[in-house]
Amino acid sequence: MASGQYQQAEFAADLWEVYCDRGSDEYRDPTEFYKRTFLTEGLRQLLSNALLRLSGQAADPVIELQTNFGGGKTHAMLALYHLCMGVNAQDLPGMETIFQDTNIEQPPQNVNVAVLVGNKASPGQIHHKKDGTTIRTLWGEMAYQLGGKEAYEMIREADETATNPGDALKDLFDRYSPCMVLIDEWVAYARQLHDNKDLPAGDFDTHFTFAQTLSESAKNAKGTLLVVSIPASDIEIGGERGKEALDRLKNAIGRVESPWRPASAEESFEIVRRRLFQTTTNRELFVDRDAVVTAFAEMYRTQSQEFPSECREASYKQRMLDAYPIHPELFDRLYSDWSSLDKFQRTRGVLRLMAKVIHALWESGDKNLLIMPGHIPISDAQVQPEMTRYLEDNWPPILERDVDGPNSLPKTLDAQNPNLGRYSACRRVTRTIYLGSAPTLQGANRGVEDRRIKLGCVQPGESVATFGDALRRLTDQATYLYVDGNRYWVSTQPNVTRTAQDRSEQILSDKDTVSEEITRRLNHQARRREDFCAVHTAPASSADIPDDPTDGIRLVILGPQQCHSRLVEDSPARQWAEDALSHKGASPRYYKNMLLFLAADKAKLETLERVTAQYLAWKSIMADKTTINLDPFQQKQAETKVEDSDKSADALLSEAYQWALVPDQPDPQGSVKWTEIRIQGQDLPIARASRKLIHEEHLITHYSASRLCMEALEPFLWRDSNHLDLKKLWDYLAQYLYLPRLKSYQVLLDAVQEGTSNLLWAETFAYAEGWDDARQRYQGLRAGQFITPTLSSQSLLVKLAIAQQQLDAEDAERKRIEAERAVNQGQSGGYTATDIVSPGSTSVVADSTDGSATVVVEKKITRFFGSTNLDPVRCKRDFDQVADAVLQHLIGQVGANVSIRIEIEASAAQGFSESVMRTVTENANTLKFSAHEFEED
């Protein structure tokens, strides 16, 4: 190692042991302690505040130290403790700038210090001092440490009754100022208290009343500093009682406390370096360091696509300088990932691990440029326990098999492949993956990205591709290595990917199983029929497709066995569709124009079958999760795979079913022609097929009366007949491929209704409710009127000329009868008629005054007038409603004369602007208003 010789050290500090003058010199001796301590920014602020407060100057009186387990709380308290031990400034290395910044030349002298450590005191015991003083409570112990028996007497009564000392605390602090109270592991003490007053130390509630009084008294007293450590991890809190104690404690002191900032990641670099390496002033070593860092920075710059983006930044080069000879990625994994473990002490744990790693590398003569994640000798007898002590007990055999061991898979692969072996590529890859994934195995974002794996392995002069090859080989063969996209991790359970692959191959060999699953998915999608009246999915034979025109157009989705290829006339899909079009089982099919077909593309079907087999494999693993003993993560992985493969299968199903096969017959005397239409898009196949076929009019959902005449009736159906009933017309449309393919008979009825309701009915046809063969007349013949046709053999469409003849004859007969009635009415002067019918009746029966004659009088309603108010903001909408509900019926009456008048009346209290008046007047003139003007009041 170029930066200095490795130093053996212990990394356990205990405030109570130091207070009792026990332990190693590096913690007990102030000079040795400060020599090995790197003063972080947070620690510098803490010491500066202590100097000012204990010197009687303005500073925070209460400090709360809260970090994760092993985050430096005890170390910070030790720094404060040694600062107040009466040592001269020159004996505290590193404190020079702090003394200068605070304008204080020497540490405060004669400071009375009380050290209270919660896990060293028992609330259930009475403590007897050598001078005979008996102490029961935490405040009694604090007073005794500050001033002995004399100080204890100031709160003796409160100690003996285990009640809050109240204002006596402020008097105590003022009497023994300057004073400092250090309380560590307070939650550990408080959670032992009971709700009842059955302990010498008092009850739970009283203790936190004391905590509030203590913080307020320290604030109000002169020259008093209170420092309290607050745990932030569950392992230190200790269950529900500990959580309650923590909440009460934070609430009690939180009113006056000032938070303390622990060491940042970058400061932690220097802490580790200071504790593990001797400081050097050798210029040659600095030159070597700079050369190494420059080479790494150049590699990250020139191969930026292989490493995380932050490596290209200048700040990362500075991080490498600060962390040298340890790579920043190793620090990041330890402080970001391993520090998240409850048992891992943030600073002390890193020091313990790195001490053993450096020692092992030093003894083995390691020549690598930096200490990287891939270089940690996990197989070393001293290092492996440090790498597993914070994890589950089943990790060691996994490490020996799939990570780093004499007979491990990575070592075997390195030995078998010289290209990998010269770099120990497989071992470096698995070490890096383990370091970055093991502590976060239970987290939500599990694993290490491939770029970060390379960051932890590759050094200048080495090929990145070699490590990529090692990663691929390990993924294929490792039992405990998992991969999800570009993230990799080592788990404690064997992965199930290989099991899924084996099952997938077995399922794929059974075509029937895969076909059944594809058919199931087709059935699920077929619940949305879109514009088809019926959908048949993967029918086993043509007998399963009804030959009935009642429901309308049927879409037949062929099964996966009947796939299609472009321009292949004898594809399985074409052969099956041709047979289904001609036959219903062993019988001939009559209603051929009711069928359309949808088939899968042959090339895409192969991919669909493979993914479907994968889905079934993962689904079977989920079904057998108990049998094959899947852990919760593996279950989640299998669930994710089931979900992903399920979605992939649905997407590929939609993509595969892209051929619409349409039978057509351009020539009524010719053969059937097949049109293949590729349907593309992101929607379900049935929806895409519906839109495409409607667009190209192979499926007609709206049909006009004029087209019905031009495309069906006149060319083919009523050449030799004056009329055609609707039932027979629908049968023709359903049977013959050369006729329009209407969605359902309702489309036909809508077209008939349109044709007979149109004022221009003379361009289409008339409608009759039957034919009286005896009288040779149509019954209920109507034209130019609104009707509601029905699909019946009695519902007739009548040719224009024939209908007009009957209507003209009926009109003439009606006029003759009216004339006779008028004559009869004129000759019956002695008669009066009494109307006995309602408006709209066609005739009235009236009795003469002497009963000698009967006169028929027709009463006609000849005028209609209506008015309504329209919403001026939505007048267009309202007028459209009036037109649809009223006007169209009046206009549709034969011989009706309809006029519409619009009246607009507007007023504005503030008067109309000139621009509005000019615009309205010009527009009214253009629209030829008969009258318009603006008036004054």
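Colleague: Why is L399 called buried?

Modeller: This is a predicted model, so the value is computed from predicted coordinates. The relative accessible area of L399 is 0%, and buried means under 20%. L399 is therefore buried.

Colleague: Where does L399 lie, and which residues does it touch?

Modeller: L399 lies in helix α20, residues 395-403. Leaving aside residues up to four places away in sequence, L399 touches I378, Q384, T388, D404, G405 and Y434.

Colleague: What makes E517 a buried residue?

Modeller: The cut-off for buried is under 20%. E517 has a relative accessible area of 7%, so E517 is buried. E517 belongs to helix α27, which covers residues 511-525. With residues up to four places away left out, the contacts of E517 are T612, Y615 and L616.

Colleague: Why does L567 count as exposed?

Modeller: Exposed means over 50% relative accessible area. L567 reaches 61%, so L567 counts as exposed. L567 sits in the loop between β12 and α28 (572-582).

Colleague: Which peptide bonds are called cis, and what are their omega values?

Modeller: One joins S177 and P178, with omega about -5°. Another runs from Y324 to P325, with omega near 10°. Most peptide bonds are trans. P178 is placed in the loop between α9 (168-175) and β5 (179-184), while P325 is in the loop between α16 (314-323) and α17 (328-337).

Colleague: Why is β5 described as mostly covered?

Modeller: In β5, 6 of its 6 residues are buried. C179, V181 and I183 point one way from the strand, and M180, L182 and D184 point the other way. In a regular strand the side chains alternate between the two faces of the sheet.

Colleague: How do you know that β5 pairs with β2 and with β6?

Modeller: Two strands pair if there are at least two bridges between them. Strand β2 (residues 112-117) and β5 have 6 bridges, so they pair, and the sense is parallel. Strand β6 (residues 224-231) and β5 have 5 bridges, so they pair as well, again in the parallel sense. D184 in β5 is the bridge partner of V117, and V228 in β6 is the bridge partner of I183.

Colleague: What makes β11 an edge strand?

Modeller: β11 belongs to an open sheet of 5 strands in the order β11-β12-β15-β16-β17, with mixed pairing. β11 (534-537) and β17 (673-678) each pair on one side only, and they are the edge strands. On average, neighbouring strands of this sheet are turned by 25° against each other, direction ignored.

Colleague: How do you know that β11 and β12 are paired?

Modeller: The requirement is at least two bridges. β11 and β12 (residues 554-557) have 4 bridges, so they pair, in the parallel sense. H536 stands opposite V556 in β12.

Colleague: What is the volume of the second largest pocket, and which residues are closest to its centre?

Modeller: The space in the second largest pocket is about 1,000 Å³. Of the 25 residues lining this pocket, I904, E905, A906, H932 and E933 are the closest to its centre. By class, the lining has 13 nonpolar, 5 polar and 7 charged residues.

Colleague: How many helices and strands does the chain have, and what share of its residues is buried?

Modeller: The chain has 37 helices and 24 strands. Of its 937 residues, 47% are buried. Among contacts between residues at least 6 apart in sequence, 68% join residues at least 24 apart.

Methods. Residues are numbered from 1 along each chain as its sequence is written. This is a predicted model: local features need pLDDT of at least 70, side-chain atom pairs count only at pLDDT 80 or more; totals for chains, interfaces and linings use all residues. Side-chain values use heavy atoms; hydrogens and water are left out. Helices (H or I, at least four residues) and strands (E, at least two) are DSSP runs, numbered from the N terminus. Buried means under 20% relative accessible area, exposed over 50%, partly exposed in between (1.4 Å probe, protein chains only). Contact means heavy atoms within 4.5 Å. On a 1 Å grid over the protein atoms alone, a cavity is a set of points where a 1.4 Å probe fits but cannot get out, and a pocket is an open set with protein on both sides within 12 Å along at least five of seven lines; lining residues have an atom within 4 Å of a point. Grid points are joined across faces, edges and corners, and a volume is the space filled by probe spheres set on the points. Ala, Val, Leu, Ile, Met, Phe, Trp, Tyr, Cys and Pro count as nonpolar, Asp, Glu, Lys and Arg as charged, and the others, Gly among them, as polar. Axes are lines fitted to C-alpha atoms, for helices over the stretch in contact, and angles run from 0 to 180 degrees between N-to-C directions.
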